[in-house]
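Take a look at the structure first, and then we'll go through it piece by piece.

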Amino acid sequence: MTALAGELRKMPAFVRRDFLVAWSYRMSFASDLISLGVQAFVFAFISKMISTNELPTFQGEQVTYLEFAAIGIALGVFIHFGLERVAMAIRSEQLMGTLESLLVTPTRTATLQVGSVFFDLVYIPVQTALFLTAIALGFGLHLEAAGVLPATIVLLVFIPFVWGLGVLSAAATLTFRRGGNAVALGAVLLALASGLYFPVDLLPQWVSTGAELNPIALAVDGMRSALLGGAGWTETLPIVAKLAPLSAISLLIGILAFRLALQREQRLGTLGLY
Amino acid sequence: MTGGSSSESLGTAVFARELTRRFGRKLALDDVRFEVRPGELHALLGPNGAGKTTLIRILLGLLQPTGGSVELLGRNVRRHAAELRRLVGFVPSGDRSFYLRISGLENLVFFARLQGMRRREAKARSLEVLEHVGLAEAAGERVGAYSHGMQKRLSIARALLANPTVLLVDEATHDLDPEGAERVRNLVRLACSQGAAVVWATQRLEEIRGLAERVTLLHRGRVEFAGGVHELSALARPRDHVVRLANGRPSDAAVRAAAEAALRGRGRVAPVGGSDAGHYVLSLGENVVLGDALAALAAADIQVHSCRERRSEIEDAFRFLTEDAPS
């Protein structure tokens with residue numbers, strides 16, 4: 001327990017380091033937000049061309065395409081940045097030459113993994129929330145205040161899934177260097193089949209059936225139901241119950257794969273190569 | 001790798017036995033035995049590719065050996081990795097081991113916190129070591145703006161954060177100017193005088209003298225020599241001598257040609273160069289003793305006015321041990 005507390009005490013050090021590094025690139029803060037704004041702007045116009053009849057209802061509420069897509073974009077951005085940053089956190093250390101300096105400190109590998117992405121796991125959800133707030137205010141998006149907490153819970157349960165994929169991708173990158181993008185490609189396919197930007201009912205039957213077990217589809221559906229339809233705990237908890245084990249499996253596989261990849265590098269002596 | 005500590009490792013800070021490491025077909029370390037006592041500054045000497053960095057990476061637990069055992073402070077490196085990392089400081093050879101976008105102080109505070117210090121303690125200790133290495137005034141500057149020498153000193157500061165019992169220094173001075181290199185050596189000497197066992201990996205022979213007490217010479221992954229620096233010097237077999245010759249001929253070229261002819265393959269004669277007219281380097285052939293060569297010159301009426309060994313000591317020992325070794 002003391003050892004765990006000692007490792008947890010190191011987390012703020014990672015957050016401070018990554019905040020200072022991110023702050024030194026101030027323009028990227030701004031460009032991230034501008035890019036989100038542009039996407040919202042584009043989808044606002046696309047929304048004008050799409051009839052609401054083609055869109056599903058949430059708790060009986062008919063939504064506009066902008067409302068439908070905004071949640072999808074927000075989650076898509078969350079997945080994109082989350083996956084990229086988690087996958088690249090260790091790789092970046094390797095490229096910067098700091099990985100070995102970290103590994104010779106009395107810090108557990110798991111702490112290095114978590115610490116290296118802790119800042120992003122806080123920053124990206126905040127960025128997502130800012131995006132939804134901005135789009136709600138700027139384009140008249142109707143969000144149910146009562147659904148904010150259930151949607152947040154869905155997002156929190158979804159984080160380990162993205163994190164697990166990211167760590168798996170990091171393991172693949174550590175092993176195959178530039179060939180490690182296969183996991184990210186898999187995540188893109190999962191995202192396409194999840195209804196982030198269009199209803200899954202429009203997809204082939206076998207894809208829409210598979211969405212029942214697609215964590216991204218579960219998360220976006222749960223968040224839409226909560227934020228657009230005002231779904232309460234009764235409707236949200238079954239989604240959380242389905243999502244939680246999938247997230248846990250993803251995280252466990254990711255951590256195991258990363259540990260094996262790191263051991264392999266240490267065995268081969270190629271940790272410093274990139 | 002074998003298990004716990006052995007009786008052989010008693011009283012040593014670093015102990016490696018029968019250490020082997022393969023990279024595919026290449027044998028990077030071959031049956032290496034290596035010991036460093038507490039408070040000793042031990043040079044790990046060898047040319048490029050000798051296996052120095054491989055050995056250091058194994059000592060750090062960054063690389064697993066193919067065979068043999070490694071103990072630091074009597075503890076098996078693999079089994080007690082986390083515990084040992086609190087006691088070992090490392091100065092890597094490369095430049096890129098810091099976050100260049102943040103300050104030297106913030107870098108050190110970060111690494112101090114990974115050593116387990118709380119923020120306030122980490123900051124105080126970081127300021128203390130920055131002062132110690134002469135970087136207090138640059139503490140707030142981004143590391144990216146530091147010179148090469150400053151980054152190296154920062155690297156030493158980081159290694160000293162937790163008052164290490166063992167300090168592993170990999171080619172710390174190889175591309176520093178003489179003043180910067182001396183500063184780095186003094187910092188490491190000081191750490192050693194305060195009780196740390198230091199492993200100083202280098203390919204620069206000149207910095208061993210006056211720095212290390214003992215030396216392990218690695219060549220192609222094998223230990224070619226282990227012992228005192230003076231013992232290494234004693235191994236030197238001087239083959240070159242500076243001689244002043246004359247035989248009444250007017251030009252140096254003519255004297256040289258006469259000397260070469262007189263030696264009949266026992267050695268070669270080359271001009272020293274510069275303004276040392278009449279001085280030559282006499283390089284003895286294999287199995288030729290100096291007396292025979294001088295006698296041959298005298299027999300050909302070439303007068304030898306002076307004769308002294310050309311730099312022998314550890315440079316020659318190094319060449320002798322590394323060039324003669326079987327491949």
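In chain B, residues 24 or more positions apart account for 68% of the contacts with a separation of 6 or more. Two residues are in contact here if their C-beta atoms, placed from the backbone, lie within 7 Å. For chain A, 78% of the contacts between residues at least 6 apart in sequence join residues at least 24 apart.

Some housekeeping before going on: this is a predicted model, in which local features need pLDDT of at least 70 and side-chain atom pairs count only at pLDDT 80 or more, while totals for chains, interfaces and linings use all residues. Residues are numbered from 1 along each chain as its sequence is written, and chains are lettered from A and ligands numbered from 1 in the order in which they are written.

**The two chains**

Helices (H or I, at least four residues) and strands (E, at least two) are DSSP runs, numbered from the N terminus. A residue is called buried if 20 or more other C-beta atoms lie within 10 Å of its own, exposed if 12 or fewer, and partly exposed in between, with C-beta atoms placed from the backbone.

Read from the N terminus, chain A goes α-α-α-β-β-α-α-α-α-α-α-α-α. Its radius of gyration (taken over C-alpha atoms) is 20 Å, close to the 19 Å that the globule rule gives for 274 residues, so chain A is as compact as a globular protein of that length. That rule is 2.2 Å times the number of residues to the power 0.38. Along its principal axes, the C-alpha trace of chain A spans about 60 × 40 × 40 Å.

Chain B is split into domain 1 (7–234) and domain 2 (240–310), with bounds that come from an automatic or database domain assignment. Taken over C-alpha atoms, the centres of these two domains of chain B are 46 Å apart.

Helix H3 of chain A (residues 26–49) has 24 residues and reaches 36 Å from its first C-alpha to its last, close to the 34 Å expected at 1.5 Å a residue. The expected span of a helix is 1.5 Å times one less than its number of residues. Which residues of H3(A) are buried? They are Leu36(A), Ala40(A) and Phe43(A), and their cover includes helix H4 (65–96) and helix H6 (109–139) of chain A. An α-helix has 3.6 residues a turn, so residues three or four places apart point the same way.

Then there's H11(A), with 36 residues that should span 52 Å at 1.5 Å a residue; its end C-alpha atoms are 50 Å apart, which agrees. Its buried residues include Thr236(A), Ile239(A), Leu243(A), Gly254(A) and Phe258(A). The buried residues of H11(A) pack against H6, helix H7 (148–176) and helix H10 (215–229) of chain A. After H11(A) comes Gly269(A), whose phi is positive, near 75°.

Val154(A) sits in helix H7 of chain A and is buried, with 27 other C-beta atoms within 10 Å. Leaving aside neighbours within four places in sequence, Val154(A) is in contact with Ala219(A), Gly222(A), Met223(A), Ala226(A), Thr236(A), Ile239(A) and Val240(A).

**Where the chains meet**

How many residues does each chain bring to the contact? Chain A gives 21 residues and chain B gives 24 residues. On the side of chain A that touches chain B, helix H2 (11–24), helix H5 (99–103) and helix H11 (233–268) of chain A each supply at least two residues. The largest share of that side, 5 residues, comes from H2(A). By class, the side of chain A that touches chain B has 8 nonpolar, 9 polar and 4 charged residues. Here Ala, Val, Leu, Ile, Met, Phe, Trp, Tyr, Cys and Pro count as nonpolar, Asp, Glu, Lys and Arg as charged, and the others, Gly among them, as polar.

**Two aspartates in chain B**

Most residues other than glycine have a negative phi. Asp31(B), though, has a positive phi near 55°; it is found in strand E2 (residues 26–36) of chain B and is partly exposed, with 14 other C-beta atoms within 10 Å. Asp301(B) has a positive phi near 60°. Asp301(B) lies in the loop between helix H9 (290–299) and strand E14 (303–309) of chain B, and is exposed, with 11 other C-beta atoms within 10 Å.
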